[in-house]
Amino acid sequence: MTYSQDVYLRFYEAMVSFGSWLFYFTLIVVLAGVVGICYSERHKYKASILYAFIVFLCSSFVVRFLAWILLPSPEYLGLLK
């Protein structure tokens, strides 16, 4: 197996596997808690933190969802037998 095939397999596993989605949603919950704490206190940058969280949430979910839909499976490409 070539290096690029190995990289594709790892990328595919990271984007599509159930464990990575579980880790992603856990990360979102933790970040939402941090944003909630910052937003409830008199924090100087609470609007910026909330904006950055919303941008991260939307962009990362769109990228992961598109990768989940559009990436061809390794079996289809002949990388796994």
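## A nonpolar patch

Helix α3 (residues 46-70) supplies the largest share of the nonpolar patch, 7 residues; helices here are DSSP runs of H or I with at least four residues, numbered from the N terminus. The patch lies on the surface and is formed by F25, F61, V62, F65, L66, W68, I69 and L70, with about 780 Å² of accessible area together. Accessible areas come from the Shrake-Rupley method with a 1.4 Å probe. A patch takes residues with over 30% relative accessible area and no salt bridge, and nonpolar side chains are joined within 5 Å. A salt bridge is a side-chain nitrogen of Lys or Arg within 4 Å of a carboxyl oxygen of Asp or Glu.

## About the model

The model is predicted, with local features needing pLDDT of at least 70 and side-chain atom pairs counting only at pLDDT 80 or more, while totals for chains, interfaces and linings use all residues. Residues are numbered from 1 along each chain, and side-chain values use heavy atoms, without hydrogens and water.

F25 is found in helix α2 (residues 18-40). F25 counts as partly exposed because its relative accessibility is 43%, where buried means under 20%, exposed over 50% and partly exposed in between.

S20 also lies in helix α2. With a relative accessible area of 15%, S20 is buried. Beyond its neighbours within four places in sequence, S20 is in contact (heavy atoms within 4.5 Å) with E13, A14, M15 and R64.

## Helices α1 and α3

The axes of helix α1 (residues 3-16) and α3 come within 9 Å and cross at roughly 115°. Axes are lines fitted to C-alpha atoms over the stretch in contact, with angles from 0 to 180 degrees between N-to-C directions. A14, M15 and V16 of α1 make the contact with V63, R64, A67 and W68 of α3.

Technical notes
Patch = residues over 30% accessible without salt bridge, like charges linked within 9 Å, V, L, I, M, F, W, Y side chains within 5 Å. Helix = DSSP H or I, 4+ residues; strand = E, 2+ residues; numbered from the N terminus. Buried < 20%, exposed > 50% of the residue type's maximum accessible area, 1.4 Å probe, protein only.
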